[in-house]
Number of protein chains: 2
Amino acid sequence: MLKSLRNRRSIRAYADRDIPEDLLGELLEVAARASNTGNMQLYSVVVTRDKAGKERLAPAHFNQPMVTTAPVVLTFCADANRFVKWAACREAEAGFDNMQTFITSAIDAMLFAQTFCVAAEERGLGICYLGTTSYNADQIIEALDLPRLVVPITTVTVGWPAEPLPAMTERLPLEAVVHSERYRDYTPADIDRLYAEKEALPENEEFVRVNNKRTLAQVFTDIRYTKANNEHFSEVLLDVLRRQGFLR
Amino acid sequence: MLKSLRNRRSIRAYADRDIPEDLLGELLEVAARASNTGNMQLYSVVVTRDKAGKERLAPAHFNQPMVTTAPVVLTFCADANRFVKWAACREAEAGFDNMQTFITSAIDAMLFAQTFCVAAEERGLGICYLGTTSYNADQIIEALDLPRLVVPITTVTVGWPAEPLPAMTERLPLEAVVHSERYRDYTPADIDRLYAEKEALPENEEFVRVNNKRTLAQVFTDIRYTKANNEHFSEVLLDVLRRQGFLR
């Protein structure tokens, strides 16, 4: 299993082959064994298989092709709604309309999602996470009829990998992300050392060149994850948290 | 591997046996292969092995004994600091001081954390997540010297399971958390059906009795996750997000 975790890569191109319902059910069943807060299971997943449903979701994901070409699209949600409804049916009043519950639910949703992904990859499926979910949560809420106290956190497209498999992407050296006992902040010399290998990769040098930038960091800050976009989508997200009842 | 995922349970009692440094390193290396946003790896982990460090963290986790009895305590953090420092060294200005970046980083941190946990359990280790991390993030920031744009998201205690293993905990039937195509909200009849098995378990009936409550839901809403606590810790969290630079 460590081998499958070690050799994994995100899969964005899928074979034209469906995922049997019982396999999907088995993987979701296994995923639900993941840790969760107080065993309240403050998450839900919406399974999209229908072509019309995928087309409804696609614009929220900036029409990335995986949404319509994957046999299955999973939208993982922070969900305090089910718990609150349960409480209301049982002479109990849940004070779950707040940020702490949102974070707790988002964590539960991510543990469930990632356990699903590990299990799916172990069975030979390929997955890709879509970070666009938190950008356009408002559109996804509408497309999937998500009620109050439910917020989509991440989306995973799932399918059988098309050949050839993509190359594995690099990672920073482990020392870049691990701190011993206390956080040791990064000096310019640390940054140079930790990012040297990443910056020297031919594909990253090419990435800088085709984007007409001077440094790899600029490709991220000026093109892929700009301040203007981050701030715009932060407002959308805060508005979603207010509308769904998690933020005053 | 599906077998180890299927039979897992959180482990709160550990054998008196250390975790070799090379095993921990291998598991963290594997965890770093998890998906992450734009390959920016917006996370960090602080490894606590020293007794003094565990004692410094313990109050933030309401002195749950696992913090001081586990050989290793891992604090997983949303971390935009390293990326922003990299950008600053490379003629780039990152607009990462906002909620969207916080959510993205928190997601990255959770994928990293859960992949670590799956790998650790596959190797025979036991883990327990501590939800107290988001409650007392302010105290953890101080204990671990976390700089601006770094927020602790979750904590995992890790060790070799002490015998006997605890029982596995129940889960809601899969249909409770899975929606097909669109979210189908829960009617009172749905709630009764989906929670029937959970409520009828002898350990849960006992849980209601010892807490002098009438329903299982009341144990959660009146004792374990009260409105007053949720609201108090929401304010602490929002204040932490402001102070760490993710929220205006």
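Where in chain A is Glu181(A) found? Glu181(A) sits in the loop between β5 and α8 (188-200) of chain A. Keep in mind that this is a predicted model. Glu181(A) has a positive phi of about 70°, even though it isn't a glycine. Is Glu181(A) buried or exposed? Its relative accessibility is 14%, so it counts as buried, since the cut-off for buried is under 20%.

Chain B has its own Glu181(B), placed in the loop between β5 and α9 (188-200) of that chain. Its phi is positive too, near 70°, and Glu181(B) counts as buried at 14% relative accessibility.

Next, let's look at how the chains meet. Chain B brings 117 residues to the contact, and chain A brings 117 residues. About 10600 Å² is buried between them, with carbon and sulfur atoms giving 58% of that area. There are 14 salt bridges across the interface; one of them joins the side chains of Glu91(A) and Arg214(B), at 2.9 Å from N to O. On the side of chain B that touches chain A, helix α6 (residues 99-122) gives the most, with 14 residues. That side of chain B splits into 58 nonpolar, 27 polar and 32 charged residues.

Strands cross over as well: β1 (residues 43-48) of chain A pairs with β5 (residues 178-180) of chain B in the parallel sense, over 3 bridges. Here, Val47(A) has Ser180(B) as its bridge partner.

Note on methods: Residues are numbered from 1 along each chain as its sequence is written. Chains are lettered from A and ligands numbered from 1 in the order in which they are written. This is a predicted model: local features need pLDDT of at least 70, side-chain atom pairs count only at pLDDT 80 or more; totals for chains, interfaces and linings use all residues. Side-chain values use heavy atoms; hydrogens and water are left out. Contact means heavy atoms within 4.5 Å. Buried area is the accessible area (1.4 Å probe) that two parts lose on being put together, summed over both. A salt bridge is a side-chain nitrogen of Lys or Arg within 4 Å of a carboxyl oxygen of Asp or Glu. Helices (H or I, at least four residues) and strands (E, at least two) are DSSP runs, numbered from the N terminus. Ala, Val, Leu, Ile, Met, Phe, Trp, Tyr, Cys and Pro count as nonpolar, Asp, Glu, Lys and Arg as charged, and the others, Gly among them, as polar. Two strands pair if DSSP finds at least two bridges between them. Buried means under 20% relative accessible area, exposed over 50%, partly exposed in between (1.4 Å probe, protein chains only).
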